[in-house]
Amino acid sequence: MRWDKDYVREAATSNRIVAGINIFGHEDAGAVIRAAERLEVPVILMVNRDARKVLDIECWGALLTSMAERACVPVAVHLDHCSDPENVRRAMDSGYTSVMFDGSQMPFEENMHITGQLAEEAHRRGIFIEGELGNVPYSDLGQMDVRLTSPEEARIMQEQTELDWLAVSVGNIHRLVGRKVPIQFEALREIQKQCSLPLVIHGSSGIYAEDMQKLKNEHIGKMNLGTSIRKVFGDTMRSEMIANPQEFDRQKLMSQSIQNVEDAAYQILKGLL
Ligand SMILES: [Zn+2]
């Protein structure tokens, strides 16, 4: 089904969160769609930088939009973390239903200027746009420099641009494995005092289960998931290869990974309802 309205805003105002899940092939895309269909919830398939290293923006758009159209629930195709405006435009030309312009590493004025321009272009074409303020570090790159989102900048960004969703830094860290960090709820509420945009939380693998539950009541519209699902796929694949050393058929080797990703996605989506 077509992603025909702002399900992220709708979720933010009804104590639910829409999951955005990083996709690396048709295998996990199909598994995530089936999980969403079982629960009858909308879901967002996201194309991140790693995925774009192996297949270009246009190819991902063609593959995922054709899968999304065949789904029985609304499925968005989303460009994740992109700091190049030209690549954001390529996604808009390739059927993506939402895009993220990540200007978080730029000076605020520059981030706001480009976000504002792209938001106007996106809205002319019925596409939603996510921006970011503050810094959500990547643990796998050895970054731990959390720079919290400034509530003041969030307010100005909302006033000056047509941005739809805002990714925030409130203690969350990307790609944590085997370790959790607490969400700074006070910082989150300070942002919300000044900015009413639906907020997006990245770095879900590092969030405590109880914080995850609390976030549902904090007007969060979208939660990004990558590492947890990626780990299920890879870990299952490894045990299948060890258990079946003679097997060479990738479809057979991946079938259990696909099933386990569907089950994991089902549990995650259910937890966000
Ligand atoms: Zn992210």
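This is a predicted model: local features need pLDDT of at least 70, side-chain atom pairs count only at pLDDT 80 or more; totals for chains, interfaces and linings use all residues.
I started with the contact between α4 and α5, where I57, E58 and G61 of α4 meet N87, R90 and A91 of α5. By class, I get two nonpolar, two polar and two charged residues for this contact.

α4 covers residues 57-70 and α5 covers residues 85-92; they pack at an angle of about 30°, with the axes 9 Å apart. Angles under 35 degrees count as roughly parallel, so I put α4 down as roughly parallel to α5. I noted the crossing as right-handed.

Then I went to helix α2 (residues 26-39) and helix α11 (residues 250-271). Their axes come within 8 Å and cross at roughly 40°, so I logged α2 and α11 as oblique to each other. This crossing is right-handed. On the α2 side I listed E27, D28, A31, V32, R34, A35, A36, R38 and L39; they meet M254, I258, V261, E262, A265, Y266, L269 and K270 in α11. Sorted by class, the α2 contact with α11 has eleven nonpolar residues, no polar ones and six charged ones.

Which residues have the most contacts inside the largest nonpolar core? I found A19, I21, V32, L45, V99, L166 and A265, in a core of 76 residues. V32 and A265 also turned up in my list for α2 and α11.

Leaving out residues up to four places away in sequence, L45 touches I21, I23, A29, V32, L64, A68, V75, A76, V77 and H78.

H81 is not a glycine, yet its phi is positive, about 25°. I found H81 in strand β3 (residues 75-82). Is H81 buried or exposed? I count it as buried, because 21 other C-beta atoms lie within 10 Å.

H219 also went into the notebook: its phi is near 60°, positive in a residue other than glycine. H219 lies in the loop between α9 (209-215) and β8 (220-225). With 21 other C-beta atoms within 10 Å, H219 is therefore buried. For context, most residues other than glycine have a negative phi.

Last stop was D93, in the loop between α5 and β4 (98-101). I have D93 as exposed, because it has 12 C-beta neighbours inside 10 Å. D93 and H81 are twelve residues apart along the chain, and I have their C-alpha atoms separated by 17 Å.

Methods
Residues are numbered from 1 along each chain as its sequence is written. Axes are lines fitted to C-alpha atoms, for helices over the stretch in contact, and angles run from 0 to 180 degrees between N-to-C directions. Helices (H or I, at least four residues) and strands (E, at least two) are DSSP runs, numbered from the N terminus. Angles under 35 degrees count as roughly parallel, over 145 as roughly antiparallel, 65 to 115 as roughly perpendicular and the rest as oblique. A crossing is left-handed if the near helix is turned anticlockwise from the far one by less than a right angle, and right-handed if clockwise. Two residues are in contact if their C-beta atoms, placed from the backbone, lie within 7 Å. Ala, Val, Leu, Ile, Met, Phe, Trp, Tyr, Cys and Pro count as nonpolar, Asp, Glu, Lys and Arg as charged, and the others, Gly among them, as polar. A nonpolar core is a set of buried Ala, Val, Leu, Ile, Met, Phe, Trp, Tyr and Cys residues joined through C-beta atoms within 7 Å. A residue is buried if 20 or more other C-beta atoms lie within 10 Å of its own, exposed if 12 or fewer, and partly exposed in between; C-beta atoms are placed from the backbone.
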